[in-house]
Amino acid sequence: MTVSSRNLHLLRLSLRVRPIGTRGFASHSSESISFSVPPEFKTRTPPYAALLTRLDKVREILNRPLTLAEKILYSHVVDPEEAFAGKNGQIRGETYLKLNPDRVAMQDASAQMALLQFMTCGMDSTAVPASIHCDHLIVGHDGAEKDLKASIEVNSEVFDFLRSCGRKYGIQFWGPGSGIIHQIVLENFSVPGLMMLGTDSHTPNAGGLGAIAIGVGGADAVDALTGTPWELKAPRILGVKLTGQLNGWSAPKDVITHLAGVLTVRGGTGYIIEYFGEGVQTLSCTGMATICNMGAEVGATTSTFPYTDSMKRYLMATRREPIANAASAVNNLHGYLRADAGAEYDQVIEINLSSLEPHINGPFTPDLSTPLSQFGEAVQKNSWPSKLSAGLIGSCTNSSYQDMSRVASIVRQAKERGVKPKVPFFITPGSEQIRATIENDGFTDVFLGAGAKVLANACGPCIGQWARDDTTKGEVNAILTSFNRNFRARNDGNPATMNFLTSPEIVTAMIYSGDMAFNPLKDKLIDANGNEFMLEPPQGDELPPSGFQQGDLEYLPPIDPKPIQSAEVVVSSTSDRLALLEPFEPFEGRELKMNVLLKVKGKCTTDHISAAGAWLKYKGHLENISNNTLIGAVNEETGEVNKAYDFDGAGYGIPELMIKWKSEGRPWAVLAEHNYGEGSAREHAALSPRFLGGRMILCKSFARIHETNLKKQGVLPLTFVDEADYDLVNGCANIETLDLLQMLNNSVSGVITLKVTNQDGSEHIIKTKHTMSKDQVEFFKAGSAINYIGSLRRHQHAQEQQI
Ligand code: SF4
């Protein structure tokens, strides 16, 4: 695509992209005075002075006390004047914010498409610091060493590709075995006041260190990687007031498992959860991370905590003392890392930590929350299995030093009484640092002595990478885990396995009983001599008394890697898992003509549009994964799933017909009903239809994130002005836009007119609506957001070369 320089100038003004030369955090003249850090900490410290300056502008406009989340988020808004002025203070839940995140983290499965898209922009390096983490593709089976070796063999082409992208673009590469994305981010990158995006739903884990960290899809990550403002509707703020102090068997996990029961899986949607109250100061930093991590389970945009002494201690323990000092200064001098007095929340929930009892959540949904004292009864009442089949602790949710030391205290007690676990016990350390530290401090020997299996520092059983051989598929059984998700088949691929989520302490106590109704607060175990005894409540250290061990230093990437322009990105031309992306064709500059490939009936989520499961292995290969496009959709005209019909009446699988029409040069549209594209923000659900020749999705309503994703990939998303018009259009109908050009060239008024000609000759003029912003119109013209951003970047680069 060619775009004139004048247009580029205007477009740049409209998007306000970050200049290429400012890789790393923006600085401010007073930064060096107030919040200076040594050079090696620079790219890991938020630009506090610049953020405070911007926050002052926000305050001038809004003129009201702000919550902590508002302070962090709004100080990352590109232009406060444009975002907030003239809105009469109607911001939360209404205003779209253009944000400049400070950092990006990507896990191996989702990083593939994010980086493939980033590559098409033609940039030499990322605009902000970024990291890649190899964690999701590692299987848990025989223990760390063997599993890691086997998984590296199977996934080497993916790891090689990611490593080579890291070298070329200056992105930190954390290889297989280094740890789980969120644990590594907490140990290295999360900082109070930071705003980051991560291509994983549990990115909010970083809120335990006072960051605003949001899980996104790859195309959103590319916005940040290219310095393009990332758009988010200002979330509402849900305040959770914590009073009292945890004691006995209760743990930070119980705060969130309890809250999930109150809010349900949708209760946090559109909200940031912000914790406050005197109870906050009693929590460890890693405990707060656990709480923020599972905020994803109630649908929250993210969760965060105000600055605490425990955050400072954690920053110091993880070798970031200068950052701790800068954070303390910005908080003490400016109150940046806490809510303003009098700040108002949209909702407030209060939790008294002193009386909070342990909770167990599940099966099959994380919001089915049962207090431990009622769990035995619930097991009976619901006919859940009475025997436990396995206990698993660790994952990104619960593998802190504190978790492991408290668990070790329980295992030691059992050992002293000569008691062994009754069921298999698995431990996944969250990082090499945790693995090495618990080994150094003797916990690993304690666990191995109890017959536990220590798995690789990776996701393993938490993401279905559990090669389990003690049950058969379909066998009903119960497991207890300290993980965060428990949808059917998530852990071992067996839809009959019931995963109950709880704290690592409760998992560990229960494995010594094997009885699902066991309550360590009141029930006794039998020791080796046949005597009854009760486990004492767990004890442990917040941080390792003799410091964190770094373990195998080979895992540590350079702190601030420089891009190597001459480095090759490694993608085999014969790979069926990875393929370089070809940019989508730009808009041809004339009204669209297309045919209706399918009318979808009823619910159509991103799972229907781009199925997961076995297809996940093709995430880096657009052509291969596109063979799953809309295979879960129901054809409105026949009621069949994954069936579409050609002009001659011949039936095809839906992606098959898409491929056929693409090869015939026939653009197509899909019609659908309400909330099209709800569910996970899966970018392949927009990429694949576009790749296979889809030009327009016309429906009764969209799920917002999917609508945005379609716009980013150059697909025209329209909704009916009159929903009844859905019934006027038949399969294979010809559709022409009548005033698309006018909309694109002159204005962005919200209506587009379509002429529909059905196969039987009937004709209809249909009014539809679009919600494209000026920027999104440019995405459409360029063929995709990535094409547009790439053009801007190349032009900017050329200009910089001339200066
Ligand atoms: Fe996701 Fe589980 Fe891995 Fe955490 S450990 S990143 S929840 S798969």
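This is a predicted model: local features need pLDDT of at least 70, side-chain atom pairs count only at pLDDT 80 or more; totals for chains, interfaces and linings use all residues.
Visitor: Which residues surround the ligand?
Guide: The shell holds His136, Ile180, His182, Asp200, His202, Ser395, Cys396, Cys459, Cys462, Ile463, Asn484 and Arg490.

Visitor: And how do the residues of that shell divide into nonpolar, polar and charged?
Guide: The shell around the ligand has 5 nonpolar, 5 polar and 2 charged residues.

Visitor: Switching to the sheet: what order do the strands of the open sheet have?
Guide: The order is β10-β9-β8-β11, 4 strands with parallel pairing. At the edges sit β10 (302-304) and β11 (347-352), each pairing on one side only. From one strand to the next, the twist averages 20 degrees.

Visitor: Over how many bridges do β9 and β10 pair?
Guide: β9 (residues 271-276) pairs with β10 over 3 bridges, in the parallel sense. In that region, isoleucine 272 stands opposite threonine 302 in β10.

Visitor: OK, which strands does α10 touch as it packs on the sheet?
Guide: α10 touches β8 (236-243), β9 and β11, and its direction makes about 135 degrees with that of β11.

Visitor: At what angle do α10 and α11 pack?
Guide: About 20 degrees, with the axes of α10 (residues 252-263) and α11 (residues 285-293) 8 Å apart. Angles under 35 degrees count as roughly parallel, so α10 is roughly parallel to α11.

Visitor: Is the crossing of α10 and α11 left-handed or right-handed?
Guide: Right-handed, for α10 and α11.

Visitor: What meets what in α10 and α11?
Guide: Pro252, Lys253, Val255 and Ile256 in α10 meet α11's Gly287, Thr290 and Ile291.

Technical notes
Residues are numbered from 1 along each chain as its sequence is written. Side-chain values use heavy atoms; hydrogens and water are left out. Axes are lines fitted to C-alpha atoms, for helices over the stretch in contact, and angles run from 0 to 180 degrees between N-to-C directions. Helices (H or I, at least four residues) and strands (E, at least two) are DSSP runs, numbered from the N terminus. Angles under 35 degrees count as roughly parallel, over 145 as roughly antiparallel, 65 to 115 as roughly perpendicular and the rest as oblique. A crossing is left-handed if the near helix is turned anticlockwise from the far one by less than a right angle, and right-handed if clockwise. Contact means heavy atoms within 4.5 Å. A residue is near a molecule or strand if one of its heavy atoms lies within 4 Å of it. Ala, Val, Leu, Ile, Met, Phe, Trp, Tyr, Cys and Pro count as nonpolar, Asp, Glu, Lys and Arg as charged, and the others, Gly among them, as polar. Two strands pair if DSSP finds at least two bridges between them.
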